[in-house]
Amino acid sequence: GEAIDLGCGTGNDTLYLLQQGWTVRTMDNEECAKDYLMRKVPSSWRKRVSFEACSFEKFVFSKALLVNASFCLEYC
């Protein structure tokens, strides 16, 4: 299924979701988070992950089975 990882940061939660077979749409307010994330994601999994640099206010939610917001809610 598809998951959304809000405030993905360095990508630890995203990587776990990918390991479990999810397709993951990620977002973070910091563009540099994409670099941290993609360094961890094996090339064979990269087709199952996407990244958007934006704020929570500008993020457009899509249909997903799971939404992860582990460490970002306190910043909303």
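A strand is a DSSP run of E with at least two residues, and strands are numbered from the N terminus. The model shown in these close-ups is predicted.

**Figure 1. Ala3 in strand β1.** Ala3 has its place in strand β1, and this strand spans residues 2-6. Is Ala3 buried or exposed? Its relative accessibility is 0%, so Ala3 counts as buried. Leave aside the neighbours within four places in sequence, and Ala3 is in contact with Leu17, Trp22, Thr23, Val24, Arg25, Ala64 and Leu66. Leu17 is one of the buried residues of α1. Now look from Ala3 to Met27. These two residues are 24 apart along the chain, and 11 Å separates their C-alpha atoms.

**Figure 2. Strands β1 and β2 side by side.** How many bridges pair β1 with β2? There are five, and the pairing is parallel. Take Glu2 as an example: its bridge partner is Thr23 in β2. Between the two strands, the chain passes through α1, and this β-α-β crossover is right-handed. Strand β2 covers residues 23-28. Five of its six residues are buried, so the rest of the structure largely encloses β2.

**Figure 3. The buried side of helix α1.** Helix α1 runs over residues 12-19. Which of its residues are buried? They are Thr14, Leu15, Leu17 and Leu18. Viewed down the axis of α1, these residues fall within an arc of 160 degrees, so they line one face of the helix. Their cover includes β1, β2, α2, β3 and β4. After α1 comes Gly21. The phi angle of Gly21 is positive, near 100 degrees.

**Figure 4. The buried side of helix α2.** Helix α2 holds residues 32-40, and Ala33, Leu37 and Met38 are its buried residues. Why do they sit on the same side of α2? They cover an arc of only 125 degrees around the axis, and that puts them on the same side. What do they pack against? Their partners are α1, β2 and β3. Cys32 also lies in helix α2. This residue has 39% relative accessibility, so Cys32 counts as partly exposed. The cut-off explains the label, because partly exposed lies between the 20% limit for buried and the 50% limit for exposed. Cys32 and Gly9 are 23 residues apart along the chain, and their C-alpha atoms are separated by 8.7 Å.

**Figure 5. Strands β2 and β3 with helix α2.** Strand β3 spans residues 49-53. How do β2 and β3 run? They run parallel, and five bridges join them. Two opposite pairs are picked out here. Met27 faces Glu52 in β3. Asp28 stands opposite Ala53, again in β3. Together, β2, α2 and β3 make a β-α-β unit, and this unit is right-handed.

**Figure 6. Ser55 in its loop.** Where does Ser55 lie? It is in the loop between β3 and β4, and β4 takes in residues 66-68. Ser55 has a relative accessible area of 19%, and it is buried. The label follows because buried means under 20%. The side chain of Ser55 also makes a polar contact with the side chain of Glu57, at 3.2 Å. Set aside the neighbours within four places in sequence, and Ser55 is in contact with Met27 and Asn29. Met27 is the residue that stands opposite Glu52 in β3.

Figure 7. A pair of aromatic rings is described by the distance of the centres and the angle of the planes. How many such pairs does the structure hold? It holds one. The ring centres of Phe59 and Phe61 are 4.9 Å apart, and the planes stand at 85 degrees, so this pair is edge-to-face. That label applies because planes over 60 degrees apart count as edge-to-face. Next, check how buried each ring's residue is. Phe59 has 7% relative accessibility and counts as buried. Phe61 has a relative accessible area of 49%, so Phe61 is partly exposed.

Terms used. Residues numbered from 1 in each chain as written. Predicted model: local features only at pLDDT ≥ 70, side-chain atom pairs only at ≥ 80, totals over all residues. Heavy atoms only, no water. Buried < 20%, exposed > 50% of the residue type's maximum accessible area, 1.4 Å probe, protein only. Helix = DSSP H or I, 4+ residues; strand = E, 2+ residues; numbered from the N terminus. Arc of directions from axis to C-beta. Contact = heavy atoms within 4.5 Å. Phe/Tyr/Trp six-rings, centres within 6.5 Å; stacked < 30°, edge-to-face > 60°. Polar contact = N/O pair within 3.5 Å; in protein donor to acceptor, adjacent residues only side chain to side chain. Pairing = 2+ DSSP bridges. Right-handed = clockwise from strand over helix to strand, strands pointing away.
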